Amino acid sequence: MLSLHLSQLDVQLLKLLAAAMLLLSFAMLSARRTQQLITLFAWQGAVLFLSTVLVAHEAGLPELYFSAALTLILKVITLPLILHLLIRRLGAQWDNEQLVNIPVTMLAGLVLVIFAFGLAQPISLLATTVTRHIIGIALAVILLSFLMMITRRKAVTQVIGFLAMENGLFFAATSATYGMPMVIELGIALDLLVAVFILGIFFFQIREQFDSLDLHHLESLREE
Amino acid sequence: MNAQHVADFLNTVLIHPLGLTLAVAACWPVIALACLLRPHSIRYVARFLFPAGALVCVAMFLCAGTFLISGHAPEAMILPLGLPDLPFHVRLDALSAFFLMILGLSGAGISTFAAGYFRSGEGTAPGLLGLHYHVFLASMAVVMLADDAYLFMVAWETMALTSYFLVTSQHRIPEIRQAGFLYLLMAHLGAVCILLCFGVMQGGSWQFTFSAMRSASLTPFWATVAFTLALLGFGAKAGLVPVHVWLPEAHPAAPSPVSAMMSGIMLKTAIYGLLRITFDLLHVRFWQWGVAVLALGLFSGVFGAIFAAVQTDMKRLLAYSSIENVGLIFTGIGLSILFAASHMPLFAALALAAALIHALNHSLFKSLLFLATGSVMHATRQRSLGKLGGLIRFMPWVAALALIGTLASAGLPPLNGFVSEWLLLQAFLFTPQLPHAFVNMLVPLGAAALSLTVALAAYVMVKFYGVIFLGQPREASLHEAHHSNWLERIGLGWLAAGCVVIGVQPQLALHATGQATGMLVGRAVAPEPSIWRIAPVAPEQASYSGWIFMAVILCVVAITFLAVRLLAHGRVRRTAPWDCGYPWQNSRMQDTAEGFGQPIRHMFGAFFLMERTLPSPADLTPRYRIHIEDRFWRVFYKPLASGVQRLADAVAFLQGGRLSFYLLSSFLTLLGLLVFLLWH
């Protein structure tokens, strides 16, 4: 029923935004500098915001506007700001990350995207929303962010990967079921904020202990 | 006035047996909490609260006993407790009443003794000890009253935990901590088996009340799986070989009243559980189950008796003797299953009654003996048999009461041990009527093994009593051995009285089992008991009268005594015994505990793993050292432990410390699950 209200143009626009989202994920996967990564993360948030507004407008769901506003405030403005401040304070804005091997990572990412689309097919058949074709992309974003967390070694990038994963989840939620209930969304937003604060404190502790934010130092902590 | 009160009490029992039993059991947690008010005051906890706990035990005994005598129908109730969708179910029937009676009867004696036994400054604070002790009692009562698997498991685990804390009350000693750990480990393994057994028995209905399990229809395969799990789980608690290893470690580690409680009562909860599941919930489906239980029981019996004979620590000796007695109880249960599955209800009832009465008897005499070792340990600070001796002169009360327990344990008439062993042998005599040819041929061997066990048990008891109480003191310090206090004597006296009463008047015990056997196998032994004798099957075949035995024994003793007094010199002459021309004699010349066990060690050498260092004949300061180990450790447990260790080492690489590796493993798991989802 709802799909009747959506114009063809809006669906095309949504697909375009989803493609941008995927592209940004790949960009994050190959980005070397921490500062660059944070900027990409902020862009990803912006795309998320736009797509949510679009869905809210076309589906006529006013509560999705709140979600969109929350996304704008938290993921486009607050979190990138905090992260920027954090890396400046840590002196890590020009940290150069040794990546595993960019072509290999990209290829693995490609395989993951194909896998995600295969996975999303039965789900999108069940979903009734207009945005159901986007579920595959949302899943791919989640898996790519996870892949990013695995391949990085610096503490700050781990956190960014974690936040990007949450973006993917949010994207999946809007596209599959027009968003989660407000209470849950508010809870998640608060959790994210707290997580970033706590992890920020951890960064300082880790740097104090090991004079570096490289996670391979943590290997010495295991029980023998 | 007093009699009026008792009569009122018994009347109430007749009207609301279950409610009253629950109320009585609820007194123990109250006492347990009261122990925390002044946890360091030995006067408050031991001299005031423990006797209160003993009174509750007596009330429990009266409740259960009245229920059994009155022949009340089973009563069930749903408690307003438990999880939202899982209320606790409780039920009082003849089987639970019989075991509650054991709990009350032995518990009363042990608690009274404990009131005099516990002193301050022994490991855990007395208040905590009292807390665990009374929660332990309450949890055992709840195990016997539970009518759903959920409440049963909660009570079962509470029982295991509280007894663990009681065992490790002297936790500053590393060996005791180790023994406690082993006990906890075996208790949990057993509990897992029992949990799985309940899981199998619900039979797909996901109803965990016992009434649902009773009506569940299991396939033969799953019924056998459930039975095997129950045998393993309850066997681990009861100390059945080969899952007995915790018992000889934990019993000596615990304070004596706790050892008495564990050996006397806690082992019986396992017997109760096995009977409940095999007979009541699984309805004894196959006679092969009986053969398995019978074989394990007989092996445990022989094994326990042989190992008890070579021990040199008095509490370890009693612990192995517990294994032997549990073996006898399981033998009775196995025979009963065999008969019941072959549709011979009278003989099944006979074997089951023998097992039940032996459980009752064992709880009386083994508690008595463990408590006596407690008195000896407090008086002498010694637990090794090699350093005791001659205590009958310094502790005449304990020696006299322990003699009753020793004779009962040795299975001599007119005491209670004889009754159950006699009934068990009677049950064996009917096995030729079984319709299974192969079993028929093998069962006489079982009867022989049973006789061997009983005879060895008597040997063990002679060693126990002779080395501790008779002869000459092996250490000079023993002359200062002080006597037990009157609370300890009352506790010992209560249990000894129980041994004598059941031995002389076994009709009481037989009548008490009648309801339980009627419920489980549909028949009762000796429906019309006479006052003078018991005749389990037919008076022409075999009957036993405790009174006649007692009269004959008393007459013979009296006549001998008088004859010696009158015909011989009539005065007491103290002289060195067996002074065969030796100029002097000392305590080192008497038979030691090792020496006493030596023939057994030679005859049954295959059972042991011995390490001996013998002195050379020319050695001026000869030292003889022997170390005896249980073969099961090497055959069964050590390979198991090293296997677990190897497995753990093999997966230890997973904990490499690299964050990305951890992330990768969760990522791969996620992908794996998603693939699984995709294909289904």
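Analyst: Happy to. Keep in mind that this is a predicted model.

User: Which residues of α7(A) and α8(A) meet?

Analyst: From α7(A) come A155(A), V156(A), V159(A), L163(A) and E166(A), and they meet L192(A), V196(A), L199(A), F203(A) and I206(A) of α8(A). Sorted by class, this contact has nine nonpolar residues, no polar ones and one charged.

User: What makes α2(A) and α5(A) roughly antiparallel to each other?

Analyst: The reasoning uses the cut-off of over 145 degrees again. Helix α2 (residues 8-30) of chain A and α5(A) have axes that come within 10 Å and cross at roughly 150°, and they are therefore roughly antiparallel. The crossing of α2(A) past α5(A) is right-handed.

User: Which residues of α2(A) and α5(A) meet, and how do they divide by class?

Analyst: F26(A), L29(A) and S30(A) of α2(A) meet I102(A), T105(A), M106(A) and G109(A) of α5(A). The residues of this contact divide into four nonpolar, three polar and no charged.

User: How many helices and strands does chain A have?

Analyst: Chain A has eight helices and zero strands. Of its 224 residues, 40% are buried. Among its contacts between residues at least 6 apart in sequence, 75% join residues at least 24 apart.

User: Now to chain B. What makes L346(B) partly exposed?

Analyst: A residue is buried with 20 or more other C-beta atoms within 10 Å, and exposed with 12 or fewer. L346(B) has 16 of them within 10 Å, so it is partly exposed. L346(B) lies in helix α14 (residues 345-380) of chain B. Leaving aside its neighbours within four places in sequence, L346(B) is in contact with R523(B) and V537(B). The C-alpha atoms of L346(B) and G518(B) are separated by 9.8 Å, although these residues are 172 apart along the chain.

User: Is V284(B) buried or exposed, and how do you know?

Analyst: The cut-off for buried is 20 or more C-beta neighbours. V284(B) has 22 inside 10 Å, so V284(B) counts as buried. V284(B) lies in the loop between α11 (256-281) and α12 (287-309) of chain B.

User: And is W206(B) buried or exposed?

Analyst: Exposed asks for 12 or fewer C-beta neighbours. W206(B) has 8 inside 10 Å, so W206(B) counts as exposed. Its place is in the loop between α7 (174-201) and α8 (210-215) of chain B.

User: What is phi for W206(B) and for V284(B)?

Analyst: W206(B) has a phi near 55°, which is positive in a residue other than glycine. V284(B) has a positive phi of about 40° and is not a glycine either. Most residues other than glycine have a negative phi, and most peptide bonds are trans.

User: Which peptide bonds are cis?

Analyst: Among them are the bond from V241(B) to P242(B), with omega near 10°, and the bond from P413(B) to P414(B), with omega near 5°. P242(B) has its place in the loop between α9 (220-238) and α10 (247-253) of chain B, while P414(B) lies in the loop between α15 (396-410) and α16 (416-429) of chain B.

User: How do you know that β1(B) and β2(B) pair?

Analyst: Pairing needs at least two bridges. Six bridges join β1 (residues 75-83) of chain B to β2 (residues 86-92) of chain B, and these strands run antiparallel. M77(B) stands opposite V90(B) in β2(B), and a hairpin joins β1(B) to β2(B) through two residues.

How values were computed. Residues are numbered from 1 along each chain as its sequence is written. Chains are lettered from A and ligands numbered from 1 in the order in which they are written. This is a predicted model: local features need pLDDT of at least 70, side-chain atom pairs count only at pLDDT 80 or more; totals for chains, interfaces and linings use all residues. Axes are lines fitted to C-alpha atoms, for helices over the stretch in contact, and angles run from 0 to 180 degrees between N-to-C directions. Helices (H or I, at least four residues) and strands (E, at least two) are DSSP runs, numbered from the N terminus. Angles under 35 degrees count as roughly parallel, over 145 as roughly antiparallel, 65 to 115 as roughly perpendicular and the rest as oblique. A crossing is left-handed if the near helix is turned anticlockwise from the far one by less than a right angle, and right-handed if clockwise. Two residues are in contact if their C-beta atoms, placed from the backbone, lie within 7 Å. Ala, Val, Leu, Ile, Met, Phe, Trp, Tyr, Cys and Pro count as nonpolar, Asp, Glu, Lys and Arg as charged, and the others, Gly among them, as polar.
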